[in-house]
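Me: I have a structure open and want to go through it. Can you help me read it?

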Amino acid sequence: MTLRRGFKAEAEREAARVRKELDLAPHDRLDPRQLAKHLSIAVVDASDLVDIADLEELERLQAFAFSAATFEIEDRSIIVVNPLRMIGRQNSDIAHELAHVMLKHVLSEIREIDGMPFRTCKPEEEEEATAFGGALLLPRPLLLSAARRQATVDEISQQYEVTTEMARFRYNSTGVAKQLGR
């Protein structure tokens, strides 16, 4: 599946606009919880809603079955995040959910996993949220600056509190590596 033409450039522009609203320089770390607060979106740890033992049991039964989800309650968006994930993964998950809200995606499809139905977005909207969430956390100018400093993917991951997978995905998908001939 591919993103519609021009989406990546739009995502980078929107990420830059949002960073400006938050008074962040292009190379500053974006805290997705601060962005959520700025957008008046609540972020709640799932352990505030259910017993942590239940989350651990779910994880034991089906690893990574739940990372984060967005609920619309009385015209408010609330992101529920799994506290069992490392902070880098939580940041990616929150940014992904924020991207859905900011892109005004609508839950329109019903899928079934293990006999349990749940509503989700269209696959192309999931891809957009992944791309835009990544641009929010690691915009291209930030990656270019890090690459010029010869920061490794692991160093980018640690400095900006994202997963190594997210840092690698953004580093490769933005063309930064190719631009610098690495």
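Reply: Start with a term: contact means heavy atoms within 4.5 Å. This is a predicted model, where local features need pLDDT of at least 70, side-chain atom pairs count only at pLDDT 80 or more, and totals for chains, interfaces and linings use all residues. Residues are numbered from 1 along each chain as its sequence is written, and side-chain values use heavy atoms, with hydrogens and water left out.

Me: Ok, what does Leu138 touch?

Reply: Leaving out residues up to four places away in sequence, Leu138 touches Leu143, Ile156, Tyr160, Val162, Met166, Ala167 and Arg170.

Me: And which residues touch the most other members of the largest nonpolar core?

Reply: Phe132, Leu138 and Ile156, in a core of 38 residues. Helix H5, residues 123-137, gives the most to this core, with six residues. A nonpolar core is a set of buried Ala, Val, Leu, Ile, Met, Phe, Trp, Tyr and Cys residues joined through side-chain atoms within 4.5 Å. Helices are DSSP runs (H or I, at least four residues), numbered from the N terminus.

Me: New topic. How many salt bridges?

Reply: The count is 10, taking a side-chain nitrogen of Lys or Arg within 4 Å of a carboxyl oxygen of Asp or Glu. One of them joins Glu12 and Arg170 at 2.4 Å, N to O. Glu12 is in helix H1 and Arg170 in helix H8, so the pair ties together parts 158 residues apart in sequence.

Terms used: Buried means under 20% relative accessible area, exposed over 50%, partly exposed in between (1.4 Å probe, protein chains only). Helices (H or I, at least four residues) and strands (E, at least two) are DSSP runs, numbered from the N terminus.
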